[in-house]
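Dear colleague,

Please find below the structure that I am handing over to you, followed by an account of what was found in it. I would ask you to keep the structure open while you read.

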Amino acid sequence: MHICKGCGIHLQSTDPALPGYTPKENSEYCQRCYRIMHYDDLTVSMKKGIDPDMVIDRIAAMDALIVWVVDLFDFEAGMIPGLNRKFTGKDILLVCAKRDILPDTLSHEKIARFVFARLKEQGISVRGLILTDKVDPQGAQEVKDAVASLAKGRPAVVMGRANSGKSTLLNKMMNQQILTSSRYPGTTLEFNEMTIDGQVYIDTPGIENEGTILMEVDEKDLREILPDRQLKPQVYQLRGDQSFAIGGLARIDIFGCDHASCVFYISQRLPIHRAKAASADGLWQKHRGGMFRPVALNEEMRSFSCRKEYEKMDIVIDGLGWACLSSQASSVTVYVPKGVNVTFRKAML
Ligand SMILES: Nc1nc2c(ncn2[C@@H]2O[C@H](COP(=O)(O)OP(=O)(O)OP(=O)(O)O)[C@@H](O)[C@H]2O)c(=O)[nH]1
Ligand SMILES: [Mg+2]
């Protein structure tokens, strides 16, 4: 049997519960891709199960140009630990996708400065940086042009975190919906080769991130958690010690506030509940799963604390977005589902 055009998996007609199943012979797509594409229905969840180290090692062993796709909304999650060691000496073209999600007030130059500063901290150097979004055809053309000059006869392997936008980018470059893309992490299941304007490209399964909120929730809640349009900053003025619950997913307690403000950059479909820090524990116990929704599958939480170091500091929760804290506040405690990564960084905006 051959390979599914949407996700790259070997097609099979024996087990409907396993990836690659198709009831029809000579089908070009597996049932899972077909149902995602036509009904937005997930028959087999693959958010866990594709070994991230195996994917990285396989890419590292290839003589190829690496097209590394990072989601600008979920940038910290995109900074895969250890990538600088795994890809030493490799030619990397960095594509930052989902530009349309960030506010327009953030210029290309400012984004580029932010990205290069973070790359430097990670010890990664790249041959080029391109910002794209899924509607603008210019970004896709820029990627093709950059690949044409950097690939030097080698294939271009498109890699990055699950859900970062790899398959969407390739579809855009082909000007056709051939590859399956979806909000479900783990859509692409196997290395999947195609030729675009004479250049070989390889779509790859996303590098799974165990530390993201997207792994901790039911798939039906992803529609609320993932922003699908430009972020509208949600601004709160802080007086005294304050607590914010983001649905029932995360809680941010801020202490020592004096004329401080906190701006949330998260999906507009997620409710934010504000309270005095002193009553936050009680409210969380009472309302989590009721008024405070959606919730993580596992109730166990962990906390991170930080003294405010920067004049403007982002509190980043992988997969969920970030809150920017400005002016006077002395410390922050963040509660997230156990396993989820939190980063405190100098403000992006
Ligand atoms: N707003 C916006 N959404 C995007 C963009 N690129 C991708 N998406 C969305 O992000 C989600 C993931 O896109 P995919 O192309 O499936 O991502 P992937 O990196 O191939 O994911 P895996 O195959 O799971 O590794 C989908 O819901 C896309 O519609 C973009 O530039 N802007
Ligand atoms: Mg994909």
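**Cysteines**

If a disulfide is taken to be a pair of cysteine sulfur atoms within 2.5 Å, the count comes to zero disulfides. For Cys7, which is in no disulfide, the nearest cysteine sulfur belongs to Cys33 and is 3.7 Å away. Cys7 counts as buried, at 0% relative accessibility; here buried means under 20% relative accessible area, exposed means over 50%, and partly exposed lies in between, with a 1.4 Å probe and protein chains only. Cys96 is likewise in no disulfide, and the nearest cysteine sulfur, that of Cys324, is 19 Å away. Cys96 is buried, with a relative accessible area of 0%. As background, a disulfide is a covalent bond between the sulfur atoms of two cysteines.

**How the model is to be read**

This is a predicted model, in which local features need pLDDT of at least 70 and side-chain atom pairs count only at pLDDT 80 or more, while totals for chains, interfaces and linings use all residues. Residues are numbered from 1 along each chain as its sequence is written, chains are lettered from A and ligands numbered from 1 in the order in which they are written, and side-chain values use heavy atoms, with hydrogens and water left out.

**Two domains**

The chain is divided into domain 1 (45-209) and domain 2 (225-346), with bounds that come from an automatic or database domain assignment. Their C-alpha centres lie 29 Å apart. Where the two domains meet, 15 residues of domain 1 are in contact with 18 residues of domain 2, contact meaning heavy atoms within 4.5 Å. The area buried between domain 1 and domain 2 is about 1300 Å², and carbon and sulfur atoms give 61% of it. This buried area is the accessible area (1.4 Å probe) that two parts lose on being put together, summed over both. On the side of domain 1, the residues that lose the most area to domain 2 are Phe73, Glu76 and Ile101, together 47% of what that side buries.

Helices (H or I, at least four residues) and strands (E, at least two) are DSSP runs, numbered from the N terminus. Two strands pair if DSSP finds at least two bridges between them. Six strands form an open sheet with mixed pairing, in the order β3-β2-β1-β4-β6-β5. The edges are taken by β3 (128-131) and β5, each with a single partner strand, so one side of each is left without a neighbour in the sheet. From one strand to the next, the twist averages 25 degrees. Angles run from 0 to 180 degrees between N-to-C directions, and axes are lines fitted to C-alpha atoms, for helices over the stretch in contact.

Strands β5 and β6 run antiparallel and are joined by five bridges. Within this pair, Glu193 has Ile202 in β6 as its bridge partner. Helix α5 (residues 108-122) packs on the sheet and touches β1, β2 and β3; the direction of α5 makes about 135 degrees with that of β3.

Is helix α7 (residues 166-174) mostly covered or mostly uncovered? Helix α7 is mostly covered, as seven of its nine residues are buried. Among them are Leu169, Leu170, Met173 and Met174. What covers the buried residues of α7 includes β1 (65-71), β2 (92-97), α6 (137-150), β4 (156-160), β5 (192-196) and β6 (199-203). After α7 comes Asn175, whose phi is positive, near 60 degrees.

**The five-stranded sheet**

Another open sheet is formed by five strands in the order β7-β10-β14-β13-β16, with antiparallel pairing. Its edge strands, β7 (234-238) and β16 (342-346), each pair on one side only. Neighbouring strands of this sheet are turned by 20 degrees against each other on average, direction ignored.

Strand β10 (residues 258-266) runs antiparallel to β7, and five bridges join the two. In this pairing, Gln234 stands opposite Phe264 in β10. Seven bridges join β10 to strand β14 (residues 321-328), again in antiparallel fashion, and Ser261 stands opposite Ser326 in β14. Why is β10 largely enclosed by the rest of the structure? Seven of the nine residues of β10 are buried, so β10 is largely enclosed.

Yours sincerely
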